[in-house]
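Thanks for asking me to look this over. Here are my notes, written to be read with the model open beside you.

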Amino acid sequence: MTGFSEGYREPLRKERNSMFNVAVIAGISLLAILFRVYVSRFIPYLQYLELPLLVTVYFSLMWRSPIAGLFFGAAIGLAQDSLSHQPLGMFGIVKTLVGYFAASMSLRVDVGNPVLRLFLGFVFFFFHQLLYWVLANALLGETLAFELPQALVVAMLNAIVAVFLYQLLDRLKVTG
Amino acid sequence: MEFFLSRYRNLSVLVAAILAQLVLLAYQVKTNGDVRLIRVWAVGAVTPMARVIETGRSGVSHFFSDYFVLLGVRDENKRMKTELDRVKMDNQYLRTELSTADRARSLAIFQQHSPSKTVAAHITGNTTGAGAKVVFIDRGSNSGIEPGMAVITPDGIAGKVTKVFSTASMVLLVTDQTFAAGVISQNNRVHGTFKGLGYEGSGKIEHVQNEQKVDQGEWFFTSGDDRIFPKGLPVGEVTTVHQGKTEKDIFVTLSGFRNGLEEVLIIVEGVHAPIPDAPVTNQTVHLMAPPPVDTSAAAPVIQPLQTGPVATDADRTKDQYRKLGEQTGHVYGERSKGAPNYNTPLKAEKSDAKPDKP
C-alpha cells in the first residue's frame, strides 16, 4: 500500500511543479520592483498595484514548495524594504508569510484555475495589507490608518490584474 | 529534535526566517541604525535601471515634442521656467528681507547675507513603501548631499533627505505622515509643528494651544527650530482652523507643491531669513489731484453720435422723437419748459399715414 502511494504521488508532484528559468525569475522580480519604483511616479493610480506581491504569490503557487516560496517572498520583501525608508524586515516578514501560505495552499488546490487565482489574489493581497498594518503598528509604533473599504476594492483590482498577469507568466514556464 | 525538524521542516524554516527578520528589525529599531549593505545593493540594482528608463522616456518624449509638436518652444519654455524659478527665489528672499525692516537696513542685511547655497536635483522615482511619500533624487554623496538636508522648491518646502547613496538619495516629502517641521505663523508669530497627512497638497499644524490666535488665510513659515529648514521659508496657507480639546486643529495648503514636483533644490548651506510681516491694511495710497473744473460758458454741446443708418425699431422711434423735438424747439432734459406729450404727435403722425392696401 505504501509503495503504491509513493509511486502514485511522486510523479504527480513532479508533473504539477512548474519550472522557470533563473534569468526569467530574476528579471520578473526586478521588473516588478522597478514598476513599483518608477511607473507609479508617472501614473499615481498604479501605486496601488502591488506587483512584487503578485509575483511572489505566483511563483509560490507554481513551485508548490513552501520553503522556496518563503525564501522568494523574503528576498522580494527585503528588496522592497531596501527601497523604502522603513527599517528592513517589514515587507520581508509579510511576504515571507505570504510566500509560505501560498505555496502551502498550492499543494491542495488547482492553481491553474482563473477563478481560484482571482480568489487567491484577493485573499493574499488583503492578508498582506492587513499584516503590514499590524506589524507597522505593533513593531514600529506607527499610527497608520487601515481603511477597510479601500483595502477591499484595491484587493479586488489587484486580483483582477493577477489573473491576466498569471496567464502571461504561464507562457514563460520551461516545458519539456 | 531531529525528528521534530524533519517532521516540521517547512514550519521550522518559516519560523527561523521570521525570527531572523524580527531580530534584524529589532536591531534597527533599537540602535536607530541601518543595514546599509542590503540597501546599497538594492538601490545600486534598481536606480541605474530607473535612470536608464527615465533617460529613454524623456529622450523619446523630447524627440516628439521638440521636433514634431513644439519645435523650439520647449527649450524656451524650460529656460523661462528656470529663470522664473530663480526670480521667484530672489523675490521671496528680497520680500522677506524688506518686509521686516526699513529699506536701508534690509539692503544692509541682504548685502551681509548671501542666499542659501543649493544643489538642483531631479526626482527619478518613488520608493516602495506602503503609503509613504518618499522619492528618489538623482543626487547623492558625490554631489555633497548629506542626510538631514532640507529639500525645497521655489514655492516652499518639499521635504528632507533621509538616506544618501553615492549617486542617489531618498527624500521624505512633507506630505508623509511621519514628516515634521517647526513652523511659525506670519501674523501672530505662533509656533507649531507641521505634520504631513499622507496625501498631496495638505498638512496639519500641531501643538498650537486653543488660547493662541491663528487666522484663516494666515501663512506659516519655517521657524528654523528643527535645525533642518532655514527660518523664513514658506510652508503653506491656513485653510481651516478649529478649536480642539486643548490644541487647535489647523490645516494648511502646502505652497511647495503648486507647480508639481519634478525638480527640487537641496539646501547645502542654509541661510535663515526673517518672517515677513503681515500686510498693512491701512496703507497710504498715493492719489492724483482731481481734474480742474471746467468753467468756460462756451462749452461745446456734445451731441449723441449717430453711427450708421437707422436700423431697429428703437432707432426709428428715437429718430421720430428727435425730429419732433426739432419741430417744437424743445431741448431734451428740460421738461419744465413745456415739453410736448410725445405720445400724441407720434400717434397723430401714425394716424396720418395711409395704410398700404394688399
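This is a predicted model: local features need pLDDT of at least 70, side-chain atom pairs count only at pLDDT 80 or more; totals for chains, interfaces and linings use all residues.

1. Let's begin with chain B. Its secondary structure consists of twelve strands and seven helices. Of its 358 residues, 26% are buried. If you take the contacts in chain B with a separation of 6 or more, 57% of them join residues 24 or more positions apart.

2. Next, have a look at where the two chains touch. Chain A brings 32 residues to this contact and chain B brings 34. On the chain A side, at least two residues come from each of α2 (22-42), α4 (66-82) and α5 (90-106). That side of chain A is made up of 20 nonpolar, ten polar and two charged residues.

3. Helix α4(A) also packs against α3(A), which spans residues 51-63. Their axes lie 9 Å apart, at an angle of about 165°. Angles over 145 degrees count as roughly antiparallel, and therefore α3(A) and α4(A) are described that way. The crossing of these two helices is right-handed.

4. Which residues bring α3(A) and α4(A) together? From α3(A) come Pro52(A), Val55(A), Thr56(A), Phe59(A), Ser60(A) and Trp63(A). They meet Ala68(A), Gly69(A), Phe72(A), Gly73(A), Ile76(A) and Gln80(A) of α4(A). Seven of the residues in this helix contact are nonpolar and five are polar, with no charged ones.

Conventions
Residues are numbered from 1 along each chain as its sequence is written. Chains are lettered from A and ligands numbered from 1 in the order in which they are written. Helices (H or I, at least four residues) and strands (E, at least two) are DSSP runs, numbered from the N terminus. A residue is buried if 20 or more other C-beta atoms lie within 10 Å of its own, exposed if 12 or fewer, and partly exposed in between; C-beta atoms are placed from the backbone. Two residues are in contact if their C-beta atoms, placed from the backbone, lie within 7 Å. Ala, Val, Leu, Ile, Met, Phe, Trp, Tyr, Cys and Pro count as nonpolar, Asp, Glu, Lys and Arg as charged, and the others, Gly among them, as polar. Axes are lines fitted to C-alpha atoms, for helices over the stretch in contact, and angles run from 0 to 180 degrees between N-to-C directions. Angles under 35 degrees count as roughly parallel, over 145 as roughly antiparallel, 65 to 115 as roughly perpendicular and the rest as oblique. A crossing is left-handed if the near helix is turned anticlockwise from the far one by less than a right angle, and right-handed if clockwise.
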